[in-house]
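Q: I have a model open on my screen and would like to learn how to read it. Could you walk me through it, one feature at a time?

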Amino acid sequence: MARSKTQRSAVDLALQGGGSHGAFSWGVLDALLEDGRLRFDGVSGTSAGAMNAAVLACGWARGGAEGARAALSRFWQAVSSAPHCWGAAAGPAGAPAWMFNRAQWPGYGMWDAWLRQWSPAQLNPFNLDPLRDIVAAHVDEAALREGPLKVFVTATSVRTGQPRVFSGETLGIDALLASACLPQQARTVVIDGEPFWDGGFSGNPALWPLIYGTRTDDVLLVQINPRVHEGIPQTAVEIADRVNEITFNASLVAELRAITFVQKLLRDRKVDPTRYKQLRMHRIADEAGLAPFDASSKLNTDPRLLRALFELGRGAAQRWLVASLSKIGQESSFDVGEVFLAPRLRR
């Protein structure tokens, strides 16, 4: 039986990071909020996913679903008006999709190789940070910490290489910036004497905070990093881009593998069901739609690119609502093993 909008189902959100590709998740969230049949309990986000989670939570605390939609729209409009927010200028006027990929711009390879000789501290001695200004203008720390939505943000400890999840009183502007700190692009973020880099190195996004930190058994993953890359990378830039994609999916795949194992133990009654959640996993993605945009476009804040990604996200969410919303609270709507682990399982 179809749910009415007053019969909202609870779900946790897991939002991947990916720079400008976070606009895809913005589109997903916009469509889910507009539909109104889901109630969000917790949100785990990394990098751009952390920004989306924080802005969503602040907007929700002030004005419910419509407040969250408006807050996300204002945030991404601010990002699009700050070309160097993620370290890149806009693409050429009238550019087709592939032209938003910085790696395909004439001379980019030489320019990128030259830049890699210098650290952000050397290139930016005054630590100018347009992203900090944007986040500070759109995130209310009090609303973020005290609002009804539980937010978990992952950053990576430079010292130990382990993930650090910020939530509640530890969550603030610095934690969001730490979660999005690519060391090749931005200066290391130090919190209480501990240096942090991008959370994608250790949890993109971290799922375990949702398992232990909320009561909801349904987790909806919004995926923006591609699992599969056809062909063999040939140039140094192409190789670096594919390494980026593999690295920023590795932690998620490892967590999903562990979750799949525990769920099997639960089904086989080999562990205490009162100690572990019987998770139901769901996923919104559009790998074909995102395929024309390579890893280098994650640093491009061209408003046309962000709008295209937003529309892709809205479309993916709307298709998911039609096909899978009825499974919330009932069963998983995709097979984790088939999507993420199939090659290993076959061996």
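**Reading the model step by step**

A: Gladly! Keep in mind that this is a predicted model. Let's start with burial: a residue counts as buried when its relative accessible area is under 20%. Ser47 has a relative accessible area of 6%, so Ser47 is buried.

Q: Where in the fold is Ser47 found?

A: Look in the loop between strand E2 (38-46) and helix H2 (48-80). Setting aside neighbours within four places in sequence, Ser47 is in contact with Gly17, Gly18, Ser179, Ala180 and Asp198.

Q: Which residues does UniProt place under the feature "active site"?

A: The UniProt record, an unreviewed entry, gives Ser47 and Asp198. They are spread over 152 residues of sequence yet cluster in space, with a largest C-alpha distance of 6.5 Å. An annotation like this may be inferred rather than shown by experiment.

Q: Is Asp198 buried or exposed?

A: Apply the cut-off again: the relative accessible area of Asp198 is 2%, which is under 20%, so Asp198 is buried. Asp198 lies in strand E6 (residues 194-198). Not counting residues up to four places away in sequence, Asp198 touches Thr46, Ser47, Thr156, Ala178, Ser179, Ala180, Cys181, Leu182 and Phe248.

Q: Cys181 is on that list of contacts. How many disulfides does the structure hold?

A: For a disulfide, look for a pair of cysteine sulfur atoms within 2.5 Å. The structure holds zero disulfides. As for accessibility, Cys181 counts as buried at 1%, and Cys58 is buried with a relative accessible area of 0%.

Q: Now for helix packing. How do the axes of helix H1 and H11 cross?

A: To read a packed pair, check how close the axes come and at what angle they cross. The axes of H1 (residues 22-35) and H11 come within 6 Å and cross at roughly 45°. The crossing is right-handed. Residues making the contact include Phe24, Trp26 and Val28 of H1, and Leu306, Phe310 and Trp320 of H11.

Q: What does Phe310 touch?

A: Leaving out residues up to four places away in sequence, Phe310 touches Ala23, Phe24, Trp26, Gly27 and Asp30. Phe310 is found in helix H11 (residues 303-324) and counts as buried, at 6% relative accessibility. Phe310 and Val28 are 282 residues apart in sequence, but 7.5 Å apart in space, C-alpha to C-alpha.

Note on methods. Residues numbered from 1 in each chain as written. Predicted model: local features only at pLDDT ≥ 70, side-chain atom pairs only at ≥ 80, totals over all residues. Heavy atoms only, no water. Helix = DSSP H or I, 4+ residues; strand = E, 2+ residues; numbered from the N terminus. Buried < 20%, exposed > 50% of the residue type's maximum accessible area, 1.4 Å probe, protein only. Contact = heavy atoms within 4.5 Å. Axes fitted to C-alpha atoms, helices over the stretch in contact; angles between N-to-C directions. Left-handed = near helix turned anticlockwise from the far one by under 90°.
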